[in-house]
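Good morning. Please look at the model on the screen, and I will walk through it part by part.

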Amino acid sequence: LFPSLQNLRKEKSRNAARSRRGKENFEFFELAKMLPLPGAITSQLDKASIIRLTISYLHMRHFASQGDPPWSPLREGENNCNKGKCAQLRRTSHSLVTDIFEQHLGAHLLQSLDGFVFVVSQEGRFLYISETVSIYLGLSQVELTGSSVFDYIHPADHVEMAERLGIRPHLRAEAGCQTSHESASSPASTSSLAGTPEPAPSSPCSTVSELSERGFVIRMKSTLTKRGLHIKSSGYKVIHVTGRIRCRPALVPGSSRPLHRPMGLVALAHTLPPSTLNEVRMESHMFVFRVNMDLQVTYCENR
């Protein structure tokens, strides 16, 4: 009798655990469907990735709505006011094409850019990165979103990136920011962002035109192979980053004028070509020539 009761309890415990796992998996499945990603991608995500992407998406919504100017669509009231006009316009074929184009406007803009777009929080994490990053670096949007930017840039460029984001100097080591000397002498230079670093004191961005503009060059990891070239790849690509620090207005006690607190970096990244032509395969029908800034030919091969 006792063994049978013990087996019954074990069976009940297994059924309860199976039921809990089923409910948990269902909740994760429903949460993944809410992410702004294709179903073919969300169906393949593990639980950790679902949580990471969800947190990043929530942070991105806050980043978009709280910054100045806000990145929000038309308010519902404005939409309803023009509903009659929109219904009439959609009857024409031209307006239908326009509606379709505007629906996919973001994808068209990304494809037309010679690079990829990304948003990094002031703590150094990717809140958003366009799917076109796979074209230039071979990395996936899902892999990068929510991850630390310091995991994907060269250790010698950690300090440069930290300075651009405004991370305090005494916390850069905790953020995985190694100097070039340390990165050359210590294998620990590949350490990533260990925790959430404390941003620098939020200096007012009132003079936004000068203080918020960013332009710098870093090296980012790349998994792309160089076709037709029998050379070893370093695993990094040189990226030119141009962008702007996004700020949010904040009221300061005792001040009549609101200040602007930095929230993160919005940037466009371009991959730079190699510094020399040594890596370019020269075919028999090609030749090299050099011109100055006035487009006068200063050198040309005999061929």
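Predicted model: local features only at pLDDT ≥ 70, side-chain atom pairs only at ≥ 80, totals over all residues.

Five strands make up an open sheet, and their order is E2-E1-E5-E4-E3, with antiparallel pairing. Which are the edge strands? They are E2 and E3, since each of them pairs on one side only. In general, the strands of a sheet pair through backbone hydrogen bonds, and they can be parallel or antiparallel.

E4 and E5 run antiparallel and are joined by twelve bridges. If you want to find one of them, go to Arg248: its bridge partner in E5 is Arg261.

Next, what lies on the sheet. Helix H3, residues 47-66, packs on it and touches E1, E2, E4 and E5. The direction of H3 makes about 85 degrees with that of E2. Helix H10 lies across E1, E3, E4 and E5, and runs at about 150 degrees to E3.

Now the core. The largest nonpolar core has 28 residues. Which of its residues touch the most other members? They are Phe116, Phe118, Phe126, Met161, Ile218, Met220 and Leu265. The elements that give two or more residues to this core are E1, E2, H8, H10, E3, E4 and E5. E4 gives the largest share, four residues. There is another core apart from this one, with seven residues, including Phe28, Ala32, Leu45 and Val142. As background, nonpolar side chains in soluble globular proteins tend to be buried together.

Leaving out residues up to four places away in sequence, Phe118 touches Phe126, Tyr128, Ile129, Val241, Leu265, Val266, Ala267 and Ala269. Is Phe118 buried or exposed? Its relative accessibility is 3%, so Phe118 counts as buried.

That brings me to the rings. How many aromatic pairs are there? The count is four. One of them is Phe116 with Phe118, a tilted pair with 6.2 Å centre to centre and 40 degrees between the planes. Phe116 is buried too, at a relative accessible area of 1%. The rings of Phe116 and Tyr136 also pair: their centres are 6.4 Å apart and their planes are at 35 degrees, so this pair is tilted. Phe116 is in strand E1 and Tyr136 is in helix H8, so the pair ties together parts that are 20 residues apart in sequence. Tyr136 has 15% relative accessibility, and therefore counts as buried. One aromatic cluster is formed by Phe116, Phe118, Phe126 and Tyr136.

Last, the loop residue. Where is Leu295? Leu295 sits in the loop between strand E6, residues 289-291, and strand E7, residues 297-300. Its phi is near 65 degrees, a positive value in a residue other than glycine. Most residues other than glycine have a negative phi. Leu295 has a relative accessible area of 69%, so Leu295 is exposed.

How values were computed
Residues numbered from 1 in each chain as written. Heavy atoms only, no water. Buried < 20%, exposed > 50% of the residue type's maximum accessible area, 1.4 Å probe, protein only. Phe/Tyr/Trp six-rings, centres within 6.5 Å; stacked < 30°, edge-to-face > 60°. Core = buried A, V, L, I, M, F, W, Y, C linked by side-chain atoms within 4.5 Å. Contact = heavy atoms within 4.5 Å. Pairing = 2+ DSSP bridges. Axes fitted to C-alpha atoms, helices over the stretch in contact; angles between N-to-C directions.
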